[in-house]
Amino acid sequence: MNELPNDIEAEMGLLGAMVLSPAVIDEIAPVVRAQDFYVEAHQILFNAMSLLRADQRPIDITLLVSHLREVGEFERVGGAAHLAKLRNAVGSVTNARAYAQIVADRAKSRRIIEIANAAIDEAMSPQNDPMTLAGTVRAKIDQVAADASEGGGCMTLHEAARLRLELLDHPERSSLGPLLPSGIDCIDDTYGGFRSGGSYVIAARPGKGKSALMKQIANALDLRGRATLLISLEMEEHEIAARILSERLGIDGKLFEVDERGVCQIPNERMPDLRSAVDDCKHSLMRIQAPKGRHATMEGIAAIARLMKAKHDIKALAIDYLQLIHKGDRRQSDYETVTECSKACKQLARELGIVVLLLSQLNRDNEKQQKTARRPRLSDLRDSGSIEQDADGVLFLHQPDETVDDYELVVPKWRNDSTGLFDLRLVGEFTKFEPGNYHQEFTEFST
């Protein structure tokens with residue numbers, strides 16, 4: 001039988017670079033994990049140096065030997081003879097990330113082989129349903145594609161909420177098909193909610209509440225027992241959890257920050273409520289991810305969405321936001337990337353039978369030309385004309401007067417239904433919109 005894919009030289013080169021320049025460990029942490037190394041001794045060495053780095057302790061061969069002796073793993077790594085080879089194994093420290101990528105890629109190949117071999121064994125049994133098996137295999141392959149790990153995988157809402165609570169408790173230790181109800185009364189009353197298999201764009205200019213509206217919709221879905229995947233390319237998981245907890249508890253979102261003295265600002269009498277709310281998040285069906293690097297491409301987002309559909313039967317995917325999705329191909333223009341992502345979101349919604357909520361920026365040209373900003377139009381969608389074509393619905397958030405918190409929710413497109421214009425009021429301390437008046441159908445801004 002052929003040996004499984006591996007590259008011992010790349011493993012040695014990476015470990016050698018970590019010894020010569022411990023700062024490399026921070027750079028390659030999102031790329032490679034201990035279990036990605038083919039040689040067990042290399043797994044132990046990687047873990048040891050990562051631990052020393054996390055404890056802010058210096059690293060060199062002598063200190064590494066001392067640490068390995070302390071934990072009883074010196075002989076398991078091959079002793080002094082093997083450690084001595086590390087100094088000469090690295091061609092250049094600047095190549096450390098390339099070495100890490102090779103190690104990670106070989107590990108993925110081995111994982112795919114393992115999945116394939118297991119699938120063959122299971123497929124040979126007549127008791128196994130082939131469609132169920134196919135779904136399981138695809139989910140496992142998607143797991144490899146998404147490269148979920150301790151640092152790059154999804155957090156549950158409970159995990160994200162606990163992370164935020166840890167920041168407040170110990171800031172010095174913190175390491176920072178069917179219609180779905182939207183929870184926005186005017187949308188649910190007028191349109192019945194979002195249609196499964198549909199892609200919906202929520203657009204606004206920077207700082208005009210589109211992330212708050214998406215969070216509010218995701219929270220409403222979660223409270224109604226609909227599993228939701230929230231992808232944020234702008235905020236960390238615990239920041240999103242803080243906004244959700246603020247809305248649920250009616251606690252000013254500003255109090256979820258730690259002040260300049262390193263003190264939690266939430267009143268002591270509200271902390272029991274907060275702890276109870278965090279504990280209740282154990283029952284949440286929401287999953288949150290703040291992907292970075294290769295995970296933030298449309299391919300990475302689609303892979304984790306397929307995995308979450310197979311494992312948790314998600315009903316909705318929310319992405320914040322379109323223009324921050326990384327290019328899958330560096331040669332693409334921004335226009336081509338946005339166009340490709342917009343189409344991919346629609347295809348993903350149909351493939352998985354879920355609602356996709358996609359946030360988007362608006363062009364600012366009309367603001368430059370006019371003293372007061374007019375209501376946005378479909379032509380204002382930024383970077384690509386395909387956004388309006390691919391979307392089943394488009395919702396614009398517009399603030400006519402920046403001195404007050406009154407907003408308009410403009411709906412210039414809703415597939416198989418009329419356009420609409422609604423009043424909303426932003427309750428800023430809870431980043432939550434409350435309903436206002438409904439205006440009769442309008443057509444002026446739908447083109």
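pLDDT is the predictor's confidence in each residue, from 0 to 100. This is a predicted model, where local features need pLDDT of at least 70, side-chain atom pairs count only at pLDDT 80 or more, and totals for chains, interfaces and linings use all residues. Residues are numbered from 1 along each chain as its sequence is written, and side-chain values use heavy atoms, with hydrogens and water left out.

Confidence to begin with. The chain averages a pLDDT of 84, and 89% of the residues score at least 70. Among the elements, strand E7 (residues 316-320) has the highest mean, 95. Helix H15 (residues 365-369) has the lowest, 53. Helices (H or I, at least four residues) and strands (E, at least two) are DSSP runs, numbered from the N terminus.

Next, helix H14, residues 334-352. Buried residues (under 20% relative accessible area, 1.4 Å probe, protein chains only) in H14 include Thr337, Cys341 and Leu348. Their cover includes E7 and strand E8 (355-361). Gly353 follows H14, with a positive phi near 65°.

Now Lys210, in helix H10 (residues 210-223). Lys210 is buried, yet has no salt bridge; that would take a side-chain nitrogen of Lys or Arg within 4 Å of a carboxyl oxygen of Asp or Glu. The nearest side chain of opposite charge, Glu234, is 6.0 Å away. What does the side chain of Lys210 make a polar contact with? The side chain of Gln361, at 3.2 Å. A polar contact is a pair of N or O atoms within 3.5 Å; within protein, one must be able to donate a hydrogen and the other to accept it, and residues adjacent in sequence count only if both atoms are side-chain atoms.

Technical notes: Buried < 20%, exposed > 50% of the residue type's maximum accessible area, 1.4 Å probe, protein only. Lys, Arg positive; Asp, Glu negative; His and termini not counted. Expected span 1.5 Å × (residues − 1). Contact = heavy atoms within 4.5 Å.
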